Amino acid sequence: MRQIVYISTASRALAPAEVDRILTVSQANNRRDGITGLLYFDGRRFLQAIEGDGPMLDRVLMRIRADDRHRAVVLLSDRSVASREFGSWAMASRHSHDDAEAFLAQVSRLVATASPNVRGTFEGLAAARRAA
Ligand SMILES: Cc1cc2nc3c(=O)[nH]c(=O)nc-3n(C[C@H](O)[C@H](O)[C@H](O)COP(=O)(O)O)c2cc1C
């Protein structure tokens, strides 16, 4: 099982409906492609973990990179994991009016089963956003 984590920046202010659409399409595709993971969005940055079959992840990553709703896609890790760290496909997104603590708690819940490194990456970004 292969797992990739990347970070990117929204190319412009995305309306909640646009973010919802990314989630809906990703959810349908990922179910079809056997991909699990987590998409984090705090209004500015995306942080995403995707895991699944190796060659399939290459294809998904190619589609993701080609999407002009975000830019500066930087791979943070690309490794093989003994088994899935995310049981399903989920998204944590925070809109400007959402409570920072509640968002951090939501992210922590979603990464509870991930390895310490991956957990730290997600929680670290959420905590940094809370402080900013
Ligand atoms: C931040 C971000 C994350 C995305 N994550 C996924 C994903 O996990 N799986 C996926 O299939 N598409 C994802 N997409 C959407 C793809 O970029 C693309 O729009 C979609 O795969 C096209 O699907 P279609 O070829 O079925 O129309 C993501 C897009 C963005 C901007």
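Predicted model: local features only at pLDDT ≥ 70, side-chain atom pairs only at ≥ 80, totals over all residues.
User: What is the value of phi at alanine 72?
Analyst: Alanine 72 is a residue other than glycine, yet its phi is positive. The angle is near 50 degrees.

User: Which pattern does the chain follow along the sequence?
Analyst: The chain has four helices and five strands. Read along the sequence, they give the pattern β-α-β-β-α-β-β-α-α.

User: What is the radius of gyration of the chain?
Analyst: The C-alpha atoms fill a box of roughly 40 × 30 × 25 Å along the principal axes. For 132 residues the globule rule gives 14 Å, and the chain comes close to that, so it is as compact as a globular protein of that length. The radius of gyration is 14 Å.

User: What percentage of the contacts between residues at least 6 apart in sequence join residues at least 24 apart?
Analyst: Buried residues make up 47% of the 132 residues. Among the contacts between residues at least 6 apart in sequence, the share that joins residues at least 24 apart is 75%.

User: How far apart are the mean positions of the positive and negative charges?
Analyst: The chain exposes about 6,800 Å², and carbon and sulfur atoms supply 52% of that area. It carries 19 positive and 15 negative charges. The distance between their mean positions is 2 Å.

User: Which helices does the salt bridge between arginine 63 and aspartate 33 tie together?
Analyst: The closest N and O atoms of arginine 63 and aspartate 33 are 3.5 Å apart, and the limit for a salt bridge is 4 Å. Arginine 63 lies within residues 54-65 and aspartate 33 within residues 16-33, so the pair ties together parts that are 30 residues apart in sequence. The helices are H2 and H1.

User: Which residue forms a salt bridge with glutamate 85?
Analyst: Glutamate 85 is buried, at 11% relative accessible area. The partner side chain meets it at 2.9 Å, N to O, and is partly exposed at 30% relative accessibility. The partner is arginine 79.

User: How many residues apart are glutamate 101 and arginine 130?
Analyst: The two form a salt bridge whose closest N and O atoms are 3.2 Å apart. Glutamate 101 counts as partly exposed at 46% relative accessibility, and arginine 130 does so at 37%. Glutamate 101 is in helix H3 (residues 100-110) and arginine 130 in helix H4 (residues 116-131), so the pair links distant parts of the chain. The separation is 29 residues.

User: Which residues do salt bridges with shared partners join into one network?
Analyst: A search of the whole structure finds nine salt bridges. Those that share partners join Arg2, Asp58 and Asp78.

User: Which residues does arginine 94 touch, leaving out those up to four places away in sequence?
Analyst: Arginine 94 lies in the loop between strand E5 (89-93) and H3. It is buried, with a relative accessible area of 16%. The residues touched are Phe41, Asp42, Gly43, Ala100, Phe103 and Arg129.

User: How far apart in space are alanine 82 and serine 108?
Analyst: Alanine 82 lies in the loop between E4 and E5 and counts as exposed at 88% relative accessibility. Along the sequence, alanine 82 and serine 108 are 26 residues apart. In space their C-alpha atoms are separated by 22 Å.

User: What separates the C-alpha atoms of serine 77 and glutamine 3?
Analyst: Serine 77 is in strand E4 and is partly exposed, with a relative accessible area of 23%. Not counting residues up to four places away in sequence, serine 77 touches Gln3, Ile4 and Val5. Serine 77 and glutamine 3 are 74 residues apart along the chain. Their C-alpha atoms are separated by 7.8 Å.

How values were computed:
Residues numbered from 1 in each chain as written. Heavy atoms only, no water. Helix = DSSP H or I, 4+ residues; strand = E, 2+ residues; numbered from the N terminus. Rg over C-alpha atoms; globule rule 2.2 N^0.38 Å. Buried < 20%, exposed > 50% of the residue type's maximum accessible area, 1.4 Å probe, protein only. Contact = heavy atoms within 4.5 Å. Areas by Shrake-Rupley, 256 points an atom, 1.4 Å probe, with all protein chains shown as cover. Lys, Arg positive; Asp, Glu negative; His and termini not counted. Charge placed at Lys NZ, Arg CZ, Asp CG, Glu CD.
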